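Hi,

Here is the model I promised to pass on.

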Amino acid sequence: MKLFEKDELKILWPFYAEAFFGTFLYIAVPFMVLYFNSIGLTLSQIGIIMAVWPLASLIFEIPTGAIADIFGRKYSVIFGWFLQGLITIGFYFTKDYYALIGLFALYGISGTLISGSYEALIVDNLKLRKKDKLINKFFSKSASLYSLAFVISGFIGTFIVAKFGISAIWIVSGIAFFISMFIIAFVKESYIPKTAKVKKHFLDFKSQIKSSVKYSYKHAVLFYLLIITFISVISSSLDGFISWTPFLKEFNFPDYAFGYLWSAMNAISFFAPIISQKFFKEGRERKIFIILSVITLVYGFAVLIANNIILLISILLFSFFIMDFEMPIRRSYFHRFVPTNMRATIGSLDNMSMSLAKVIGIGIAGFLVEWIGGRDTIFLASLLMIPIIILLLKIKEEKASKNISKPL
């Protein structure tokens, strides 16, 4: 089997390069909760400041997505990464609680310049060249590259923290964004942005948002997918590092080992998108999502009864496998029903849904962990698979085919 299809690298090499070289220095994730705890913040405060990030994204997501549809995606992405690089380095110099809230708000705003625009840039480049079949392959391969890069980032993070202290994670992670910005500068954008006067842009901007929201609401698949995304992100936010870090610390898991754990998690995740390709077939996505949701529900019960650190880590690694197995299938399934002229805006609508879910999930995670503990918080997260399964059973793809070519 060929590793790359014809013209795949010619079109997608900058995106594959960014997935790896723009990621392996991003070392902040596994140490973030530990860092904020080390400067005196409680888990509740950590939950609040980290919830500000998606809250800011929620407010600005659709406007910046519409701007990208009107003015162009590439420069929106590059500017977003430039700002995120500066803001990430800013965490190194800031320990005040309210200043951290401000930085997380700015981080969330800058992220909206990237979210829907980045996927739209990739998908439109492929569609223009009539390479639609590469969309799922890209999401699978790029997910594996991100995971491989994060394997390396875990080892780099462990070294950096041991050598220079935990605050150094922000300087190194900030550099990662500048690398991404440099690589994507080589992309030639296929989408031709509209050119008009400022007043016309404003009217287009308003119309773009209105039509995209209306289209998604009336769509037989996208409507349910947006709700499913909302619930699943609340679940993953409750089942994140805010819950797992203190939970593992109860078993005397050492601080430095979180870097190695991050590497192990992403080593597992590296293979998940590749394996998912064996199961991917258009028309089978919904069935796969239902099976994975049931497995996640069982995973929650496993966490509830496990009392061995090795078993718990094995369960955590398995959950990462499930998440990365599902991701490329979910993204290609989503884009199958989105028209080109609304791709960045509807992508931003999807990200807005995720941002709102993160505000809720992350915002209450710290309080729940302080109240009932990490174990029970993770278990509660798994129970949210029940409404997801019900919604998946309600999706009727045959109805979607009637209006996919007729955006409102």
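Predicted model: local features only at pLDDT ≥ 70, side-chain atom pairs only at ≥ 80, totals over all residues.

Where does A264 lie? It lies in helix α12, where helices (H or I, at least four residues) and strands (E, at least two) are DSSP runs, numbered from the N terminus.

Residues are numbered from 1 along each chain as its sequence is written, and side-chain values use heavy atoms, with hydrogens and water left out.

Now the overall picture. The protein chain has 18 helices and zero strands. Of its 408 residues, 57% are buried (buried means under 20% relative accessible area, exposed over 50%, partly exposed in between, with a 1.4 Å probe and protein chains only). The chain exposes about 18100 Å², with carbon and sulfur atoms supplying 70% of that; accessible areas come from the Shrake-Rupley method with a 1.4 Å probe, and for residues only the protein chains shown count as cover. Among contacts with a separation of 6 or more, 88% are between residues 24 or more positions apart, a contact being heavy atoms within 4.5 Å.

A264 counts as partly exposed, because its relative accessibility is 29%. Its C-alpha is 8.3 Å from that of G154, 110 residues away along the chain. Leaving out residues up to four places away in sequence, G259 touches F31, G154, F155 and T158. With T158 the C-alpha distance is 5.0 Å, across 101 residues of sequence.

On helix α7, S153 is worth a click. It is buried at 1% relative accessibility, and beyond its neighbours within four places in sequence it contacts T23, F24, Y26, I27 and W262.

How do α7 and α14 pack? Helix α7 (residues 134-164) meets α14 at an angle of about 145°, and the axes are 9 Å apart. Axes here are lines fitted to C-alpha atoms, for helices over the stretch in contact, and angles run from 0 to 180 degrees between N-to-C directions. From α7, the contact involves N136, F139, S140, A143 and S147; from α14, D324, M327, P328, I329, R331, S332 and H335. By class that gives five nonpolar, five polar and two charged residues (Ala, Val, Leu, Ile, Met, Phe, Trp, Tyr, Cys and Pro count as nonpolar, Asp, Glu, Lys and Arg as charged, and the others, Gly among them, as polar).

The 21 residues of α13 (residues 285-305) should span 30 Å at 1.5 Å a residue, and the end C-alpha atoms are 31 Å apart, which agrees; the expected span is 1.5 Å times one less than the number of residues. Its buried residues include F289, L292 and Y299, and their cover includes α11, α12, α14, α16 and α17. Helix α10 (residues 222-238) reaches 24 Å from first C-alpha to last, close to the 24 Å expected. It is mostly covered, with 12 of its 17 residues buried, including L222, I228 and V233.

N252 is exposed, at 68% relative accessible area.

Cheers
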